[in-house]
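Here is a model to question.

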Amino acid sequence: MTTTETPPAPPPGHQRRRRLTVWALIVVATLIAITSGLNTWVEREALNTDSWVEASSEVLESPEVQLALAEYVVDQLYANVDVSGELKELLPEDFSGLAGPISAALRQPATEAVEKLLASEQIQDTWATVNRAAHETLVRILEDETRGGLSTADGTVSLDLSTLVTDVGTQIGIPSSALDKIPDDVGTITLVQSDQLATAQTAVKAIKVMSYLLFALVVALYALAIYTAVGFRRATVRNIGSALIVAGIVLLVVRSVVGRDILSRIDDDTNRAAFDVIWLTATQLLGVIAWSGIAYGIGLMAWAVVSGPTRAAKAIRRFVAPAFNSPAPAVWGVAAVVLLLLVAWSPGTAFRNALTGLCFAALFGAGIELLRRQTAAEFPEVSFATASRGIAGRVRAGWNRISTRGADSNATGGAGAPIDVEQLSALADLHDRGGLTDAEFEAAKARILGSPS
(Lines give C-alpha, C1' and ligand atoms only; values in the text may rest on other atoms or scores of the structure.)
Protein backbone atom coordinates (compact mmCIF):
# COMPACT_ATOMS: atom_id res chain seq x y z
CA MET A 1 0.00 0.00 0.00
CA THR A 2 1.42 3.30 -1.01
CA THR A 3 0.70 6.65 0.53
CA THR A 4 0.69 10.00 -1.21
CA GLU A 5 2.76 12.53 0.63
CA THR A 6 1.81 16.18 0.51
CA PRO A 7 4.75 18.23 -0.75
CA PRO A 8 6.14 20.49 1.93
CA ALA A 9 4.96 24.08 1.84
CA PRO A 10 7.59 26.58 0.73
CA PRO A 11 9.21 28.60 3.50
CA PRO A 12 7.45 31.90 4.33
CA GLY A 13 10.40 33.90 3.04
CA HIS A 14 10.32 32.11 -0.30
CA GLN A 15 6.59 32.73 -0.70
CA ARG A 16 7.05 36.39 0.19
CA ARG A 17 9.78 36.78 -2.43
CA ARG A 18 7.55 35.09 -4.97
CA ARG A 19 4.73 37.53 -4.23
CA LEU A 20 7.10 40.48 -4.55
CA THR A 21 8.32 39.11 -7.89
CA VAL A 22 4.76 38.76 -9.15
CA TRP A 23 3.91 42.30 -8.10
CA ALA A 24 7.07 43.61 -9.79
CA LEU A 25 6.07 41.87 -13.04
CA ILE A 26 2.55 43.34 -12.83
CA VAL A 27 3.83 46.89 -12.18
CA VAL A 28 6.39 46.77 -15.01
CA ALA A 29 3.83 45.28 -17.41
CA THR A 30 1.30 47.97 -16.49
CA LEU A 31 3.79 50.79 -17.11
CA ILE A 32 4.60 49.27 -20.50
CA ALA A 33 0.84 48.91 -21.17
CA ILE A 34 0.41 52.67 -20.65
CA THR A 35 3.27 53.35 -23.07
CA SER A 36 1.80 50.84 -25.52
CA GLY A 37 -1.58 52.62 -25.37
CA LEU A 38 0.01 55.97 -26.22
CA ASN A 39 2.08 54.35 -28.97
CA THR A 40 -0.99 52.69 -30.49
CA TRP A 41 -2.87 55.98 -30.48
CA VAL A 42 -0.08 57.78 -32.35
CA GLU A 43 0.30 55.00 -34.90
CA ARG A 44 -3.40 54.45 -35.63
CA GLU A 45 -4.52 58.07 -35.42
CA ALA A 46 -1.64 60.39 -36.34
CA LEU A 47 0.08 58.08 -38.85
CA ASN A 48 -3.00 56.55 -40.47
CA THR A 49 -4.26 58.65 -43.38
CA ASP A 50 -7.83 57.30 -43.32
CA SER A 51 -8.12 57.99 -39.59
CA TRP A 52 -6.60 61.45 -40.08
CA VAL A 53 -9.04 62.36 -42.86
CA GLU A 54 -12.01 61.02 -40.88
CA ALA A 55 -10.99 62.97 -37.79
CA SER A 56 -10.27 66.19 -39.71
CA SER A 57 -13.63 65.97 -41.49
CA GLU A 58 -15.37 65.50 -38.14
CA VAL A 59 -13.47 68.49 -36.81
CA LEU A 60 -14.59 70.74 -39.68
CA GLU A 61 -18.23 69.87 -39.00
CA SER A 62 -17.94 71.57 -35.60
CA PRO A 63 -19.34 75.14 -35.45
CA GLU A 64 -16.50 76.16 -33.12
CA VAL A 65 -13.87 75.10 -35.64
CA GLN A 66 -15.77 76.65 -38.55
CA LEU A 67 -15.84 80.00 -36.71
CA ALA A 68 -12.13 79.88 -35.81
CA LEU A 69 -11.13 78.88 -39.35
CA ALA A 70 -13.40 81.55 -40.86
CA GLU A 71 -11.81 84.23 -38.70
CA TYR A 72 -8.34 82.97 -39.69
CA VAL A 73 -9.14 83.10 -43.40
CA VAL A 74 -10.63 86.61 -43.18
CA ASP A 75 -7.67 87.79 -41.10
CA GLN A 76 -5.30 86.44 -43.75
CA LEU A 77 -7.21 88.33 -46.44
CA TYR A 78 -7.25 91.63 -44.57
CA ALA A 79 -3.57 91.24 -43.61
CA ASN A 80 -2.44 90.77 -47.21
CA VAL A 81 -4.88 92.93 -49.18
CA ASP A 82 -5.59 96.60 -48.66
CA VAL A 83 -9.34 96.05 -48.59
CA SER A 84 -10.04 99.67 -47.70
CA GLY A 85 -7.82 100.94 -50.55
CA GLU A 86 -9.40 98.60 -53.09
CA LEU A 87 -12.89 99.69 -52.06
CA LYS A 88 -11.82 103.34 -52.25
CA GLU A 89 -10.91 102.89 -55.91
CA LEU A 90 -14.27 101.25 -56.61
CA LEU A 91 -16.37 103.93 -54.89
CA PRO A 92 -17.26 107.29 -56.45
CA GLU A 93 -14.96 110.09 -55.38
CA ASP A 94 -17.65 111.68 -53.20
CA PHE A 95 -18.03 108.41 -51.25
CA SER A 96 -14.37 107.42 -51.08
CA GLY A 97 -14.25 108.44 -47.43
CA LEU A 98 -16.61 105.58 -46.63
CA ALA A 99 -14.11 102.96 -47.81
CA GLY A 100 -12.64 102.50 -44.32
CA PRO A 101 -15.97 102.05 -42.47
CA ILE A 102 -17.30 99.78 -45.24
CA SER A 103 -14.13 97.71 -45.08
CA ALA A 104 -14.54 97.26 -41.32
CA ALA A 105 -18.26 96.55 -41.69
CA LEU A 106 -17.59 93.86 -44.29
CA ARG A 107 -15.36 91.90 -41.92
CA GLN A 108 -18.20 90.28 -39.93
CA PRO A 109 -20.34 89.41 -43.01
CA ALA A 110 -17.22 87.98 -44.66
CA THR A 111 -16.59 85.79 -41.60
CA GLU A 112 -20.19 84.58 -41.64
CA ALA A 113 -19.95 83.88 -45.35
CA VAL A 114 -16.85 81.74 -44.79
CA GLU A 115 -18.64 79.86 -42.00
CA LYS A 116 -21.47 78.99 -44.38
CA LEU A 117 -18.95 78.09 -47.04
CA LEU A 118 -17.13 75.74 -44.67
CA ALA A 119 -20.41 74.02 -43.82
CA SER A 120 -21.16 73.28 -47.47
CA GLU A 121 -20.68 69.80 -48.89
CA GLN A 122 -18.33 71.09 -51.60
CA ILE A 123 -15.91 72.61 -49.12
CA GLN A 124 -16.20 69.57 -46.85
CA ASP A 125 -15.11 67.37 -49.77
CA THR A 126 -12.31 69.79 -50.68
CA TRP A 127 -11.17 69.84 -47.07
CA ALA A 128 -11.00 66.04 -47.00
CA THR A 129 -9.04 65.98 -50.26
CA VAL A 130 -6.57 68.61 -49.08
CA ASN A 131 -6.06 66.82 -45.77
CA ARG A 132 -5.57 63.46 -47.45
CA ALA A 133 -2.94 64.85 -49.81
CA ALA A 134 -1.12 66.66 -47.01
CA HIS A 135 -1.18 63.66 -44.70
CA GLU A 136 -0.02 61.20 -47.36
CA THR A 137 2.89 63.51 -48.09
CA LEU A 138 3.59 63.84 -44.36
CA VAL A 139 3.63 60.07 -43.81
CA ARG A 140 5.88 59.45 -46.83
CA ILE A 141 8.35 62.01 -45.55
CA LEU A 142 8.24 60.72 -41.96
CA GLU A 143 8.77 57.17 -43.18
CA ASP A 144 11.64 58.45 -45.36
CA GLU A 145 10.06 57.29 -48.60
CA THR A 146 10.72 59.09 -51.90
CA ARG A 147 8.06 57.63 -54.17
CA GLY A 148 6.88 59.74 -57.05
CA GLY A 149 9.94 61.98 -57.00
CA LEU A 150 9.10 63.33 -53.55
CA SER A 151 12.18 64.83 -51.97
CA THR A 152 12.76 65.07 -48.23
CA ALA A 153 15.34 67.78 -48.69
CA ASP A 154 13.07 70.67 -47.76
CA GLY A 155 10.92 68.49 -45.50
CA THR A 156 8.02 70.96 -45.38
CA VAL A 157 4.46 69.69 -45.37
CA SER A 158 1.64 72.23 -45.45
CA LEU A 159 -2.13 72.47 -45.47
CA ASP A 160 -3.05 74.91 -48.25
CA LEU A 161 -6.09 77.12 -47.54
CA SER A 162 -5.13 79.88 -49.98
CA THR A 163 -8.13 79.07 -52.20
CA LEU A 164 -10.49 79.96 -49.36
CA VAL A 165 -8.74 83.30 -48.90
CA THR A 166 -9.13 84.27 -52.56
CA ASP A 167 -12.75 83.03 -52.62
CA VAL A 168 -13.62 85.32 -49.70
CA GLY A 169 -11.92 88.26 -51.43
CA THR A 170 -13.96 87.62 -54.57
CA GLN A 171 -17.22 87.47 -52.58
CA ILE A 172 -16.69 90.87 -50.97
CA GLY A 173 -15.76 92.50 -54.29
CA ILE A 174 -11.95 92.64 -54.25
CA PRO A 175 -10.66 92.81 -57.87
CA SER A 176 -8.83 89.74 -59.14
CA SER A 177 -5.82 91.93 -59.96
CA ALA A 178 -5.44 92.67 -56.25
CA LEU A 179 -6.05 89.07 -55.23
CA ASP A 180 -3.36 87.90 -57.64
CA LYS A 181 -0.83 89.89 -55.62
CA ILE A 182 -1.45 87.81 -52.48
CA PRO A 183 1.73 85.85 -51.61
CA ASP A 184 1.62 82.13 -52.33
CA ASP A 185 2.12 81.14 -48.69
CA VAL A 186 -0.93 83.07 -47.42
CA GLY A 187 -3.44 80.70 -45.82
CA THR A 188 -0.87 77.93 -45.65
CA ILE A 189 -0.58 76.02 -42.37
CA THR A 190 2.79 74.29 -42.02
CA LEU A 191 2.60 70.82 -40.47
CA VAL A 192 6.30 69.90 -40.48
CA GLN A 193 9.41 72.08 -40.82
CA SER A 194 12.65 70.77 -42.30
CA ASP A 195 14.54 71.17 -39.01
CA GLN A 196 12.01 68.88 -37.34
CA LEU A 197 12.33 66.14 -39.94
CA ALA A 198 15.17 64.05 -38.49
CA THR A 199 13.62 63.88 -35.02
CA ALA A 200 10.17 63.10 -36.41
CA GLN A 201 11.52 60.33 -38.68
CA THR A 202 13.37 58.71 -35.78
CA ALA A 203 10.24 58.86 -33.62
CA VAL A 204 8.10 57.30 -36.36
CA LYS A 205 10.57 54.45 -36.87
CA ALA A 206 10.54 53.77 -33.13
CA ILE A 207 6.73 53.83 -33.04
CA LYS A 208 6.52 51.37 -35.94
CA VAL A 209 8.94 48.96 -34.27
CA MET A 210 7.33 49.20 -30.83
CA SER A 211 3.77 48.85 -32.07
CA TYR A 212 3.60 45.06 -31.72
CA LEU A 213 6.66 44.62 -29.52
CA LEU A 214 5.20 46.54 -26.57
CA PHE A 215 1.89 44.71 -26.72
CA ALA A 216 3.61 41.32 -26.90
CA LEU A 217 5.84 42.29 -23.98
CA VAL A 218 2.84 43.29 -21.86
CA VAL A 219 1.09 39.97 -22.55
CA ALA A 220 4.28 38.02 -21.85
CA LEU A 221 4.93 39.77 -18.52
CA TYR A 222 1.34 39.30 -17.32
CA ALA A 223 1.49 35.62 -18.36
CA LEU A 224 4.79 35.20 -16.52
CA ALA A 225 3.25 36.77 -13.41
CA ILE A 226 0.38 34.25 -13.50
CA TYR A 227 2.78 31.36 -14.12
CA THR A 228 5.01 32.44 -11.20
CA ALA A 229 2.09 32.93 -8.79
CA VAL A 230 1.90 29.29 -7.65
CA GLY A 231 -0.78 29.03 -4.98
CA PHE A 232 -2.34 32.45 -5.59
CA ARG A 233 -2.98 32.62 -9.32
CA ARG A 234 -6.64 33.62 -9.06
CA ALA A 235 -5.64 36.58 -6.86
CA THR A 236 -2.95 37.46 -9.42
CA VAL A 237 -5.54 37.53 -12.21
CA ARG A 238 -7.62 39.84 -10.03
CA ASN A 239 -4.60 42.09 -9.43
CA ILE A 240 -3.83 42.21 -13.16
CA GLY A 241 -7.43 43.28 -13.75
CA SER A 242 -7.09 46.10 -11.22
CA ALA A 243 -3.77 47.10 -12.83
CA LEU A 244 -5.45 47.38 -16.25
CA ILE A 245 -8.11 49.60 -14.71
CA VAL A 246 -5.38 51.83 -13.27
CA ALA A 247 -3.64 51.97 -16.67
CA GLY A 248 -6.89 53.03 -18.35
CA ILE A 249 -7.46 55.75 -15.75
CA VAL A 250 -3.88 57.02 -16.23
CA LEU A 251 -4.43 57.34 -19.99
CA LEU A 252 -7.67 59.28 -19.39
CA VAL A 253 -5.84 61.58 -16.97
CA VAL A 254 -2.99 62.14 -19.46
CA ARG A 255 -5.54 63.00 -22.15
CA SER A 256 -7.26 65.50 -19.87
CA VAL A 257 -4.13 67.08 -18.33
CA VAL A 258 -2.27 67.56 -21.63
CA GLY A 259 -5.37 69.04 -23.26
CA ARG A 260 -5.91 71.48 -20.42
CA ASP A 261 -2.25 72.49 -20.42
CA ILE A 262 -2.31 73.35 -24.12
CA LEU A 263 -5.69 75.04 -23.74
CA SER A 264 -4.36 77.28 -20.95
CA ARG A 265 -1.76 78.71 -23.36
CA ILE A 266 -4.36 79.89 -25.88
CA ASP A 267 -5.61 83.42 -25.21
CA ASP A 268 -8.28 83.81 -27.89
CA ASP A 269 -11.65 82.40 -26.74
CA THR A 270 -12.62 81.39 -30.27
CA ASN A 271 -9.41 79.46 -30.76
CA ARG A 272 -9.79 77.88 -27.32
CA ALA A 273 -13.22 76.54 -28.23
CA ALA A 274 -11.93 75.26 -31.56
CA PHE A 275 -8.91 73.58 -29.99
CA ASP A 276 -11.12 71.87 -27.41
CA VAL A 277 -13.10 70.24 -30.23
CA ILE A 278 -9.93 69.37 -32.17
CA TRP A 279 -8.25 67.81 -29.12
CA LEU A 280 -11.27 65.73 -28.14
CA THR A 281 -11.63 64.48 -31.72
CA ALA A 282 -7.93 63.82 -32.24
CA THR A 283 -7.64 61.89 -28.95
CA GLN A 284 -10.90 60.00 -29.33
CA LEU A 285 -9.01 56.78 -30.05
CA LEU A 286 -6.88 57.31 -26.94
CA GLY A 287 -10.10 57.49 -24.94
CA VAL A 288 -11.31 54.25 -26.55
CA ILE A 289 -8.01 52.54 -25.67
CA ALA A 290 -8.28 53.75 -22.07
CA TRP A 291 -11.89 52.62 -21.63
CA SER A 292 -11.04 49.30 -23.28
CA GLY A 293 -8.32 48.71 -20.69
CA ILE A 294 -10.79 49.52 -17.93
CA ALA A 295 -13.40 47.17 -19.42
CA TYR A 296 -10.89 44.31 -19.79
CA GLY A 297 -9.70 44.90 -16.24
CA ILE A 298 -13.26 44.72 -14.93
CA GLY A 299 -13.75 41.49 -16.90
CA LEU A 300 -10.66 39.88 -15.35
CA MET A 301 -11.65 40.98 -11.87
CA ALA A 302 -15.20 39.67 -12.40
CA TRP A 303 -13.83 36.29 -13.47
CA ALA A 304 -11.54 36.15 -10.44
CA VAL A 305 -14.44 36.97 -8.10
CA VAL A 306 -16.88 34.52 -9.71
CA SER A 307 -14.33 31.71 -9.56
CA GLY A 308 -13.50 32.48 -5.92
CA PRO A 309 -14.39 30.65 -2.69
CA THR A 310 -16.98 33.08 -1.33
CA ARG A 311 -20.62 32.07 -0.79
CA ALA A 312 -21.78 34.63 -3.32
CA ALA A 313 -19.36 33.25 -5.94
CA LYS A 314 -20.55 29.70 -5.31
CA ALA A 315 -24.16 30.83 -5.63
CA ILE A 316 -23.36 32.44 -8.98
CA ARG A 317 -21.59 29.30 -10.19
CA ARG A 318 -24.57 27.16 -9.14
CA PHE A 319 -26.88 29.53 -11.00
CA VAL A 320 -24.89 29.27 -14.25
CA ALA A 321 -24.07 25.58 -13.79
CA PRO A 322 -26.98 24.35 -15.99
CA ALA A 323 -25.54 26.27 -18.95
CA PHE A 324 -21.90 25.37 -18.33
CA ASN A 325 -22.73 21.71 -17.63
CA SER A 326 -24.35 21.37 -21.04
CA PRO A 327 -22.49 19.30 -23.66
CA ALA A 328 -19.16 20.92 -24.57
CA PRO A 329 -20.12 21.57 -28.24
CA ALA A 330 -23.18 23.52 -27.10
CA VAL A 331 -21.17 25.58 -24.59
CA TRP A 332 -18.49 26.40 -27.14
CA GLY A 333 -21.07 27.10 -29.82
CA VAL A 334 -22.74 29.75 -27.65
CA ALA A 335 -19.34 31.16 -26.67
CA ALA A 336 -18.38 31.43 -30.35
CA VAL A 337 -21.62 33.30 -31.13
CA VAL A 338 -20.96 35.73 -28.27
CA LEU A 339 -17.40 36.28 -29.50
CA LEU A 340 -18.58 36.92 -33.06
CA LEU A 341 -21.12 39.44 -31.78
CA LEU A 342 -18.35 41.22 -29.88
CA VAL A 343 -16.20 41.29 -33.03
CA ALA A 344 -19.11 42.71 -35.04
CA TRP A 345 -19.75 45.32 -32.36
CA SER A 346 -16.03 46.12 -31.90
CA PRO A 347 -16.44 48.02 -28.63
CA GLY A 348 -12.68 48.36 -28.13
CA THR A 349 -9.37 48.42 -29.96
CA ALA A 350 -8.71 44.69 -29.41
CA PHE A 351 -11.08 43.75 -32.22
CA ARG A 352 -9.54 46.13 -34.77
CA ASN A 353 -6.24 44.30 -34.95
CA ALA A 354 -5.57 40.63 -35.70
CA LEU A 355 -2.95 40.13 -32.96
CA THR A 356 -4.92 41.79 -30.16
CA GLY A 357 -8.11 40.15 -31.39
CA LEU A 358 -6.55 36.68 -31.17
CA CYS A 359 -5.21 37.49 -27.72
CA PHE A 360 -8.66 38.53 -26.51
CA ALA A 361 -10.24 35.42 -28.05
CA ALA A 362 -7.67 33.22 -26.25
CA LEU A 363 -8.40 34.89 -22.90
CA PHE A 364 -12.15 34.63 -23.50
CA GLY A 365 -11.88 30.94 -24.34
CA ALA A 366 -9.62 30.21 -21.35
CA GLY A 367 -12.06 31.90 -18.99
CA ILE A 368 -15.00 29.92 -20.38
CA GLU A 369 -13.13 26.59 -20.14
CA LEU A 370 -11.87 27.15 -16.60
CA LEU A 371 -15.33 28.17 -15.38
CA ARG A 372 -16.88 25.18 -17.19
CA ARG A 373 -14.52 22.77 -15.47
CA GLN A 374 -15.08 24.37 -12.08
CA THR A 375 -18.87 24.18 -12.25
CA ALA A 376 -18.69 20.58 -13.51
CA ALA A 377 -16.53 19.62 -10.52
CA GLU A 378 -18.66 21.43 -7.94
CA PHE A 379 -22.17 20.77 -9.27
CA PRO A 380 -21.97 17.72 -11.53
CA GLU A 381 -25.66 16.83 -10.98
CA VAL A 382 -27.03 20.26 -11.94
CA SER A 383 -28.56 20.59 -15.41
CA PHE A 384 -31.38 22.46 -17.08
CA ALA A 385 -33.65 19.50 -16.27
CA THR A 386 -32.87 19.51 -12.53
CA ALA A 387 -33.02 23.31 -12.44
CA SER A 388 -36.47 23.33 -14.05
CA ARG A 389 -37.67 20.64 -11.61
CA GLY A 390 -36.31 22.66 -8.74
CA ILE A 391 -38.15 25.77 -9.90
CA ALA A 392 -41.34 23.78 -10.36
CA GLY A 393 -40.93 22.23 -6.91
CA ARG A 394 -40.47 25.63 -5.30
CA VAL A 395 -43.55 26.93 -7.08
CA ARG A 396 -45.60 23.93 -5.87
CA ALA A 397 -44.26 24.28 -2.34
CA GLY A 398 -45.16 27.95 -2.30
CA TRP A 399 -48.63 27.24 -3.60
CA ASN A 400 -49.10 24.47 -1.05
CA ARG A 401 -48.09 26.81 1.76
CA ILE A 402 -50.56 29.41 0.58
CA SER A 403 -53.38 26.91 0.12
CA THR A 404 -52.64 25.21 3.47
CA ARG A 405 -52.71 28.51 5.28
CA GLY A 406 -56.02 29.30 3.65
CA ALA A 407 -57.44 25.91 4.68
CA ASP A 408 -56.20 26.29 8.24
CA SER A 409 -57.67 29.77 8.42
CA ASN A 410 -61.05 28.55 7.25
CA ALA A 411 -60.99 25.61 9.69
CA THR A 412 -59.84 27.43 12.80
CA GLY A 413 -60.86 30.99 12.10
CA GLY A 414 -57.29 32.04 11.40
CA ALA A 415 -55.83 30.50 14.56
CA GLY A 416 -53.93 27.61 12.88
CA ALA A 417 -50.50 26.46 14.01
CA PRO A 418 -47.51 28.27 12.48
CA ILE A 419 -45.79 26.60 9.52
CA ASP A 420 -42.06 25.82 9.68
CA VAL A 421 -41.03 27.53 6.44
CA GLU A 422 -37.29 26.81 6.87
CA GLN A 423 -37.94 23.09 7.28
CA LEU A 424 -40.11 23.09 4.18
CA SER A 425 -37.42 24.90 2.17
CA ALA A 426 -34.76 22.41 3.28
CA LEU A 427 -37.09 19.55 2.35
CA ALA A 428 -37.73 21.04 -1.11
CA ASP A 429 -33.99 21.51 -1.69
CA LEU A 430 -33.31 17.87 -0.70
CA HIS A 431 -36.02 16.75 -3.12
CA ASP A 432 -34.55 18.92 -5.91
CA ARG A 433 -31.16 17.29 -5.41
CA GLY A 434 -32.71 13.85 -5.83
CA GLY A 435 -32.44 12.84 -2.15
CA LEU A 436 -36.20 12.20 -1.89
CA THR A 437 -38.65 10.64 -4.28
CA ASP A 438 -41.86 12.49 -5.07
CA ALA A 439 -43.84 10.22 -2.75
CA GLU A 440 -41.37 10.64 0.12
CA PHE A 441 -41.35 14.39 -0.40
CA GLU A 442 -45.16 14.65 -0.30
CA ALA A 443 -45.38 12.47 2.82
CA ALA A 444 -42.71 14.48 4.67
CA LYS A 445 -44.32 17.76 3.63
CA ALA A 446 -47.68 16.53 4.87
CA ARG A 447 -46.18 15.72 8.27
CA ILE A 448 -44.64 19.21 8.53
CA LEU A 449 -47.92 20.86 7.56
CA GLY A 450 -49.80 18.69 10.07
CA SER A 451 -52.08 17.08 7.53
CA PRO A 452 -52.56 13.30 7.14
CA SER A 453 -50.00 11.62 4.82
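**Labels and their grounds**

Q: What kind of model is this, and how many helices and strands are in the chain?
A: The model is predicted. The chain has 18 helices and two strands. Of its 453 residues, 37% count as buried.

Q: Why is Thr281 called buried?
A: Its relative accessible area is 8%. Buried means under 20%, so Thr281 qualifies. Thr281 sits in helix H11, residues 269-282.

Q: What makes Ala55, Glu58 and Val59 contacts of Thr281?
A: Contact means heavy atoms within 4.5 Å. Ala55, Glu58 and Val59 meet that cut-off with Thr281, leaving aside neighbours within four places in sequence.

Q: Why does Glu45 count as buried?
A: Its relative accessible area is 12%. The cut-off is under 20%, so Glu45 is buried. Glu45 lies in helix H1, residues 12-46. Its contacts, leaving aside neighbours within four places in sequence, are Ser51, Trp52, Ala55, Ala282 and Leu285.

Q: Why is Ala273 called partly exposed?
A: Ala273 has a relative accessible area of 31%. How far apart are Ala273 and Val65 in sequence and in space? They are 208 residues apart in sequence and 7.6 Å apart in space, C-alpha to C-alpha.

Q: How do you know that the length of helix H12 agrees with its residue count?
A: Helix H12 covers residues 284-306, which is 23 residues. At 1.5 Å a residue they should span 33 Å. The end C-alpha atoms are 33 Å apart, so the two values agree. Buried residues of H12 include Leu285, Gly287, Ile289, Gly293 and Gly297.

Q: What makes a set of residues the largest nonpolar core here, and which members touch the most others?
A: Members are buried nonpolar residues joined through side-chain atoms within 4.5 Å. The largest such set has 18 residues. Leu69, Leu77, Val114, Leu118, Val165 and Ile182 touch the most other members. Helices H3 (63-80), H5 (99-119) and H6 (121-142) each give two or more residues. H3 gives the most, with six.

Q: Which residues does Leu69 touch?
A: Leu69 touches Leu60, Leu118, Trp127 and Leu161, not counting residues up to four places away in sequence. There is also a second, separate core of 17 residues, with Val22, Ile32, Ala33 and Ala225 among them.

Q: How do the axes of H14 and H15 cross, and what is the handedness?
A: Helix H14 (residues 328-345) and helix H15 (residues 354-378) have axes that come within 11 Å and cross at roughly 150 degrees. The crossing is right-handed. Among the residues that meet are Trp332 and Leu339 in H14, and Phe360 and Phe364 in H15. By class, the contact has eleven nonpolar, one polar and two charged residues.

Q: At what angle do H2 and H6 pack, and how do their contact residues divide by class?
A: Helix H2 (residues 49-60) and H6 pack at about 145 degrees, with axes 9 Å apart. Their crossing is right-handed. Contact residues include Trp52, Val53 and Leu60 of H2, and Trp127, Asn131 and His135 of H6. The contact has six nonpolar, six polar and three charged residues.

Technical notes. Residues numbered from 1 in each chain as written. Predicted model: local features only at pLDDT ≥ 70, side-chain atom pairs only at ≥ 80, totals over all residues. Heavy atoms only, no water. Helix = DSSP H or I, 4+ residues; strand = E, 2+ residues; numbered from the N terminus. Buried < 20%, exposed > 50% of the residue type's maximum accessible area, 1.4 Å probe, protein only. Axes fitted to C-alpha atoms, helices over the stretch in contact; angles between N-to-C directions. Left-handed = near helix turned anticlockwise from the far one by under 90°. Nonpolar A, V, L, I, M, F, W, Y, C, P; charged D, E, K, R; others polar. Expected span 1.5 Å × (residues − 1).
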